[in-house]
Structure formats: C-alpha cells, structure tokens
Amino acid sequence: MEPVRQVEGRAYPWGAENIDTDIIIPAHWLKTISREGLGKGAFETVRAKPGNVFDDPAYAGSPILIAGDNFGCGSSREHAAWALADMGIRAVIAPSFSDIFSGNAFKNGIVTVALPQEVIDRLMEVAKTDPIRIDLESMTVTTPFQDRFTFPLDPFRRQCLMEGLDEIGLTLAQDTAISKFEGRDQNMRPWMIPEHAGERRNESIAVEGTGRT
Amino acid sequence: MAPRMTEQPRTLYEKIWADHVVERRDDGTCLIYIDRHLVHEVTSPQAFEGLRANGRPVRRPELTLAVPDHNLPTTARVDASGARLPIEDPQSAGQLAALERNTAEFGIDYIDAVAPEQGIVHVVGPEQGFTLPGMTLVCGDSHTAAHGALGALAFGIGTSEVEHVLATQTLLLAPSKTMEVRVDGSLGFGVSAKDVVLAIIGKIGAGGGTGHVIEYTGEVIRNLSVEGRLTVSNMSIEGGARAGLIAPDAVTYAYLKGRPMAPSGSAWDHAVAYWKTLPSDAGAQYDRVVRLDATDIAPQLTWGNSPEDVVPITGHVPDPDSFDDPAKREAAARSLDYMGLTAGMRMQDIAIEHVFIGSCTNSRIEDLRAAAEVVQGRKVADRIRQALIVPGSGLVKRQAEAEGLDRIFIEAGFEWREPGCSMCLAMNPDKVPSGERCASTSNRNFVGRQGPGARTHLLSPAMAAAAAVTGRLSDVRELVGRNE
Ligand code: SF4
C-alpha cells in the first residue's frame, strides 16, 4: 500500500447522512472481477440527478469527501471502498462511520476522519472555495483560514497508513511464528491435511480454459 | 493432543480458539490459524488479483477448496453431446472463468461446474469431508456458519480477509463472547430443524447474537441428523452471530467416516480421539444462555423482511402497533407494505405464486425427502407460476434420483434443476418477479433478496411443499398423516 501521511486538496462538500454501501456502489456492480473501474459506478443513483456535487467541475478529482452521519452503513461489500479509491478519494470526513466500512476503507488506504457535526458544517463551507488538508502525523484537519481540528485515529491503523503497511505484509512478517505453529500442529494433528488434497488441481485450464464455463 | 493443563472448565469455542492461537497481542486480539478455506466465484477475484499484484503465493493451497455456485444458472450445463453450454450473462461468465483461471494459477483444488461433486459451497464442504470438527474454517460468505454443525469454528469473511488467508493462512481476530442456545424436549409432528432455527431467531432477534458465537445444545439438537444441524447452524448469522457451533458426537463421526477428504485408517482414529476432547466441559460458563422448549415449536414461517419476523403457521400477520419499540413498529409497517399484507390476516390465507426448495439451508437429501413425502401423489396448484427444486450438490441430486424423488417432483409439476444458489439471491437467472410471492426454504427475506420487489416467506422444505400443492401458505400437519 502507498503510505498516506497527508491528504490535501479540494473536497466534495456533500454532507448527506446515512449513506449506505448500496448508494456508494449499487449491487449490480458486484459481478466485477477487479477492484479497478468501480469509480464509474460510484454514487450512480446520486449522479443520475443533474447538478449533483460529483459531476460539478469545481470538484472534479477531489481526494476528500465530506459526508453526514453514519457513512457506509448497510451491506459489508468491500466494493464500496474500492469504488471510492477508484474515483480518487483518499479520505472521507463525516461525524461517524459504520465499523465495517471504516475497516474496509482502512484496508484500502482510505482515511476515515470522524469530526463533530459543527466542524463538518465549517468544512463544508470552506470546501466550496478552498482546499482542505488532513495530516495523519498531527491528526489534524486544517484549512487556509487557520482552522485546526484534531481527530481520533486508532494507533495501529495510523501506523499502517503512514508507513504504507498492509495487514498481509504485517502478518507475513510474523512468518516465523506461523511456521512454528505449523510445525507444532503437524505433530499434534497429522491428519489435518485433507485427504486427496491437490488431486483436483487443473493446471491445463490456465493455458486453454480462459472464458470457459 | 497434549493433556490439557487448565483446570477451568472450557466451552467448545474456547477449546478450538486456544488450539489455533499463533500469537496473542497485548490488546487481546490473536493471530488465529485457519485450517480450511472455501472459495467461490463472487468474493474471490479481487483477492487473487491482490496476490498477483504483490507477487504473493498461496501459503497452503492444499487447505483451500474452490467451487462455483452463486452465478451458475441451474438449467442444463451441457448439451446432448456433452458440450458445455455458454453462460449468457457476460459478467457471470467472467466471474466463473476468473475462478477457474485463478485456482489453476495458484494451485488450488477446483470443483468444476460440471463435476458431479459441484454444489453450493456450504453443502460441498461437509459432504466432501473437507469440513471437520475442531477446525477453523472460513469462506467469503456469511452463511459459512453452517459448517459449525460439525463442530468447526466457521465464519464468513470479506475479500481483503480472503486475500489475507490465502497469503498467510491466518486471520487477526478478537475473541467473541459465547452464547448457549439450548433446545430441550422433542420435536412435534411436522416440525423440522428449519422450524427450530426460525423459532430461535424469532426469540433472540436478528441482532440477538451480535458479538457472540452460539453453541446449540440440548436434546433436540442432539437428536438432529448432521443435515438438520447444518440447517440450524447455517442461520446463526441471521440471529446476528458470526458463528454457530454444535459439539461433535457419534452422529458427526458416522456422517464423516469415509467421506473423500476426511481422514482414513489410523489417521481417522487419531482425529476422533482429538474430537472427543472438544465438547464443552461440564460447568463451562457461557456469557449468555437462552432456552427454548421444543414442545412450543409449531411449523414456523416469516411474514416480514427480517428473519426475526417469525410466526407459527397457525398465527396471524402482526399489527405494527403491537410492537412497543417505535423502530420495530415502523419497520413492521414498512414490511407489511412491501410484502403486500394486512395486519391480522391468517398466515394460512396468504396465496403464493412461487416455491423455491433449495439453498445452503435446505437442499440436502433429507430436505428433498421431506418435501417429496408431502408432494407424493399430489400436484402443484394451478396458481403457482414456478416451483423449483434445486439440490444443493450434484451428489445430492444423484442420490435423490436414485431414490426416485426427482420423478415425484417432476410428475407433480416441479422443475428439477442443477445445483447452485439459484433463487436464494438474485444473482443468477432464477429470480422472483416484482410483486410476486415465494414460499422459500432459503435464509434471507430481505427486501429484494430474491429479485427486485420479490416477496419472500422463509419456511421448511415440508412447509414449502405444502404451499406448492395448496397454492397458499399451509400447515403441513394437515396434509400428511401421522405415522405414530
Ligand atoms: S445458497 Fe444463498 S445463502 Fe447459501 S451460499 Fe448461496 S447465496 Fe449464500
């Protein structure tokens, strides 16, 4: 994962509340096989309405989204985070987030910044004309007008984001512990490996099977 | 296993957890070893893409098994000459082809769409003996809880976690609370495992198990077959619990013995010796205990859009005003509107247009036998537009055909399909049209789950069969004679 120390730039001053993952990315986009390209489907129903904030040229390509309370509720689809990342969003600022969404966002390098509603209101004002800066080192959101708001961030998540550590990379760094467990386990549960495991590998498909079924 | 040093009585969950801790962190979260990983086409493509992008291999491909199910149409998969028929929806075809390619590239065992063992991932795992007691098992699907019926700690995970397990064979997890759901007594005539689990969810609520792993205990659970236990554990997630567990016993061992991927010979004996140490110790403490008496359980079904919206078939559609909680009152009113029902209606007066017998909750051989017993010698009612029987796997299908069940269904007017998730979710061509009503043996009655605007009533296979032959929701006990 790319390290994230700051996110700086224009922000979509949206402010809508209770945005569920179905609004972020509608269900029919779940048949994709890629994390990429979901930006096209992001906020599809919102963007169907003329004059929406996402199609306003003033905010095109903004790395920050400002939303209302309870952002990312509903289904646990990780596609919501992928869609935001694909449209270039690196941080979401809102009064609160669903747990599953913030977990998924974090795993995909998106910072979720929780700040009280009155701060959100102020940032919405600023965002209409000026950029916003989120700094993970100091855990602050600042504006060109001397505003300075601190926000909470789980220390583990902060470290992962700032150092660009992905969870898989971190676990792989524990390889010795995992190998030790496996060695011990092999003695205790030698019957653990499935019988006939490996007999259904079909290497030939890789060469000529593309598009079958 | 080494003799246990702890004196403290422990639950089944605590024993499995303890035996899988790779590393414990200061905040109590643990790196947990994952013994078994089931993979299907919908939640895996981006995980494999992530591995590829980072040049990471699958750590233990032999512990992973892949099978397509969600997107596969349940109509014929090969033509008369044995050639594969194409899948019309290009996106479904793309997801299925990606699974085939990814499993080949990463050396993972793959059950092909036309293999006789193909089926719904949660039917295939136990059936192949891939699921075993005392194991940790994950799958990118929330109904993974089903496998807990065999005494495995099994739960659904997201795509990033799928990738994490593929790469490391572990997951970072916080321990759950424990909840005992004890069902005493014995089941009345016409009452099945599905009725038991619907009654449990009706009692604890759709969020009642949140943060907990449920262990199902009591005489009723002990007397269920493994098939019935799978039905119960499958719906743990509908009660908010990430996982359900049933202690392994002689019934479990008899079910598993001789299954293709289960241990054999002396390995089997070693495994059984270990499994026998797993059941919760006498005096083990659960964080919460819930008790039900089976004599109170009549055939159950749902009226609304949450699996907790349960009533007995002898009951009525509730009045939203009868709920104390304003949020529940509002949800009930919304459900009645969506479901096209009026408060106070008798459940048995509700006419239906569709019947779906299938899904990972109720598509095993016992489910089909129970449905066939009701259907035998009867016809699907005229008003029914579509009545589907979708076996959970190719092996279930063959077994049913060997017993002549397929002929009973086909002669009555049912469609006899190929295995897959089918009408459980609106992802493949099997859907309930908007505004139409379905008696369904699946596990979710959410708005739009079986298709946009579709109205779902969850019930048991015997009750679904009864609805099919009468054209309305019906009490199966009035249709079939008592044997005793
Ligand atoms: S049958 Fe339904 S619940 Fe079961 S795995 Fe398939 S889609 Fe999920």
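**View 1. The interface between chain A and chain B.** In this predicted model, 49 residues of chain A are in contact with 70 residues of chain B, and the area buried between the two chains is about 5,100 Å², with carbon and sulfur atoms giving 55% of that area. Eight salt bridges are counted between chain A and chain B, among them one in which the side chain of Arg35(A) meets that of Glu163(B) at 3.1 Å, N to O.

**View 2. The largest cavity, with a lining drawn from chains A and B.** About 50 Å³ of space lies in this cavity, one of two cavities of 30 Å³ or more that were counted in the model. Chain A contributes Phe156(A), Glu167(A), Leu170(A) and Thr171(A) to the lining, while chain B contributes Arg25(B), Leu31(B), His164(B) and Leu172(B). Helix H7 of chain A, which covers residues 167-172, gives the most to this lining, with three residues. By class, the residues around the largest cavity divide into four nonpolar, two polar and two charged.

**View 3. The second largest cavity, lined by residues of chain B.** The volume of this cavity is about 30 Å³, and its lining consists of His37(B), Leu38(B), Val39(B), His40(B), Thr43(B), Ser44(B), Gly140(B) and Val162(B). Strand S3 of chain B, residues 36-39, supplies the largest share of the lining, three residues. Five of the lining residues of the second largest cavity are classed as polar and three as nonpolar, and no charged residue is found among them.

View 4. At least two lining residues are supplied by each of four helices of chain B, namely H6 (193-204), H8 (226-234), H12 (365-375) and H15 (461-470), and the largest share, five residues, comes from H12(B). The lining of the second largest pocket comprises eleven nonpolar, nine polar and six charged residues.

**View 5. Residues 205-213 of chain A, where pLDDT stays under 50.** Chain A as a whole has a mean pLDDT of 91, with 95% of its residues reaching 70 or more, whereas over residues 205-213 of chain A the value stays under 50.

Definitions and conventions: Residues numbered from 1 in each chain as written. Chains lettered and ligands numbered in written order. Predicted model: local features only at pLDDT ≥ 70, side-chain atom pairs only at ≥ 80, totals over all residues. Heavy atoms only, no water. Nonpolar A, V, L, I, M, F, W, Y, C, P; charged D, E, K, R; others polar. pLDDT = per-residue confidence, 0-100. Contact = heavy atoms within 4.5 Å. Buried area = accessible area lost by both parts, 1.4 Å probe. Salt bridge = Lys/Arg side-chain N within 4 Å of Asp/Glu carboxyl O. 1 Å grid on protein atoms, 1.4 Å probe; cavity = no way out; pocket = protein on both sides within 12 Å on 5 of 7 lines; lining within 4 Å. Points joined across faces, edges and corners; volume = space filled by probe spheres on them.
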